Amino acid sequence: MSNVINFLTETNYKTITTAQKGVFLGAEVTGVDLSKKLSKEIIEEITDAHANYGVLVFPDQFISSDDLQRFGRYFGELSVHPFSTNTEGNPELIIFDNKEGNPPASTDVWHTDETFRDCPPMGTILYSKVIPSHGGDTNFASMAAIYDGLSDRLQSFLSGLEAIHDLGPFKNLFPDTPEGRKNKYLAQEKYQSATHPIVRVHSVTGKKILFVNPQFTTHIKGMAEDESRSILDMLFKKTLTHEYHYRHKWDKNMLVFWDNQAIQHSAVHDYYPQQRMMERVTIINEHQPIADAPPPDPATLRKYLMPPITQFSNSRQKRHHDK
Ligand SMILES: [Fe+2]
């Protein structure tokens, strides 16, 4: 376990009030009306609280979709998700309207949003419009606390390693038809695999964060497949440790803004077929994740003493598919 004492900084803001929700993450924020334009001072305090607590919960916010988008833009430009249910004419706004006949898809796996991008988003905001009578929680995990709780030996082993992230479950959205296969190929060309440090450093708090997730991370760079699989499985299991979670129960008209650098989340799909309707905006991060240490020079790694087989393509018999 991480050291519980002083993991989060105690905050005392002038404009907003924060009440810590979990041991390692989460705070309820009151004293602010998100239907109105916010002052510079409020935005700075929310920015600070967002980095410190990782998950900010704003209850009883009666806001429009425009208000939601304005709030998101205080923290950066909004992104357009390439595979989600974007609103026509307003692609930055995603509406999840899950109900009988439209079950939720692939959000019940622990993940950081969109790590298939070279620059994954800095944060995501969800606003609840319709909630089920029971169920439909969102679970959050502090990957900074999880990193902190790893043994010194494992932390040292992971330092400087990099992992590959791809489109994950979005690859399954394409039907197995000539058209579907072509579109899948084009999507994979457009969103080629991203390489991220396994341990990233938070750009605001400076904390180290375990940055692999079972939804998008495929393998560790420079390791044999069985080694990579075993280590990733072990790291994915670390995210399941209850002590590092804050499980959020939604009320109607609640806005939750989480830090996509340090937090993983998993939506609980137990409410289906009840209706659960959420609006989402996602905030672009213009910078790639900061590594805790530079990766080693591949030329110095023994695994790379064997050159890749593609270098010998001209000296071998033609392969059938090359003809
Ligand atoms: Fe997500």
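Let's start in the middle: the largest nonpolar core holds 67 residues, and I46, F58, F71, I198, L255 and F257 touch the most other members. A nonpolar core here is a set of buried Ala, Val, Leu, Ile, Met, Phe, Trp, Tyr and Cys residues joined through side-chain atoms within 4.5 Å. Buried means under 20% relative accessible area, exposed means over 50%, and partly exposed is in between, with a 1.4 Å probe and protein chains only. Apart from that core lies another one, of eight residues, among them L167, F170, Y191 and F216. In soluble globular proteins, nonpolar side chains tend to be buried together.

Some ground rules. This is a predicted model, with residues numbered from 1 along each chain as its sequence is written. Local features need pLDDT of at least 70, side-chain atom pairs count only at pLDDT 80 or more, totals for chains, interfaces and linings use all residues, and side-chain values use heavy atoms, with hydrogens and water left out.

Leaving aside neighbours within four places in sequence, L255 is in contact with L34, L56, V57, F58, I63, L68, F71, I125, L126 and Y127. Contact means heavy atoms within 4.5 Å.

Now the sheets. Helices (H or I, at least four residues) and strands (E, at least two) are DSSP runs, numbered from the N terminus. Two strands pair if DSSP finds at least two bridges between them. Eight strands form an open sheet, in the order β1-β2-β3-β14-β6-β16-β5-β4, with mixed pairing. Which strands stand at the edges? They are β1 (17-20) and β4 (86-87). Each has a single partner strand, so one side of each is left without a neighbour in the sheet.

Look inside that sheet. Strand β2 (residues 27-30) and strand β3 (residues 55-58) run parallel, joined by two bridges. There, E28 stands opposite V57 in β3.

Two helices come next. Helix α1 (residues 40-53) lies across β1, β2, β3, β6 and β14 (255-259), and runs at about 125° to β3. Helix α2 packs on the sheet too, touching β3, β5, β6, β14 and β16 (276-283). The direction of α2 makes about 30° with that of β16. Axes are lines fitted to C-alpha atoms, for helices over the stretch in contact, and angles run from 0 to 180 degrees between N-to-C directions.

Inside α2, D67, L68, Q69, F71 and G72 are buried. The buried residues of α2 pack against α1, β3, β5, β6, β14 and β16.

Stop at Q69, in helix α2 (residues 65-73). Buried or exposed? Q69 has a relative accessible area of 3%, so it counts as buried. The side chain of Q69 makes a polar contact with the side chain of N90, at 2.9 Å. A polar contact is a pair of N or O atoms within 3.5 Å; within protein, one must be able to donate a hydrogen and the other to accept it, and residues adjacent in sequence count only if both atoms are side-chain atoms.

Next, G54, in the loop between α1 and β3. G54 is buried as well, at 4% relative accessible area. Not counting residues up to four places away in sequence, G54 touches A49, F257, W258, D259 and I263.

On to the metal. What coordinates the iron ion? H111 (NE2), D113 (OD) and H265 (NE2) do, at 2.2 Å. Donors are N, O and S atoms within 2.8 Å of the metal (3.2 Å for Na, K and Ca); water is not among the atoms, so sites may look incomplete. The spacing in sequence is H-x1-D-x151-H. D113 sits in the loop between β5 (90-98) and β6 (123-130), while H265 sits in strand β15 (residues 263-267), 152 residues apart. D113 is buried at 4% relative accessibility, and H265 is buried at 6%.

What about β15 itself? Both of its faces are covered: I263, H265 and A267 on one side, Q264 and S266 on the other, all buried. Strand β7 (residues 138-142) runs antiparallel to β15, with five bridges joining them. S142 has I263 as its bridge partner in β15.

One more sheet. Three strands form an open sheet in the order β9-β8-β12, with antiparallel pairing. The edge strands are β9 (194-197) and β12 (217-220), each pairing on one side only. Neighbouring strands of this sheet are turned by 35° against each other on average, direction ignored. Three bridges join β8 (residues 162-165) to β12, and I164 stands opposite H219 in β12.
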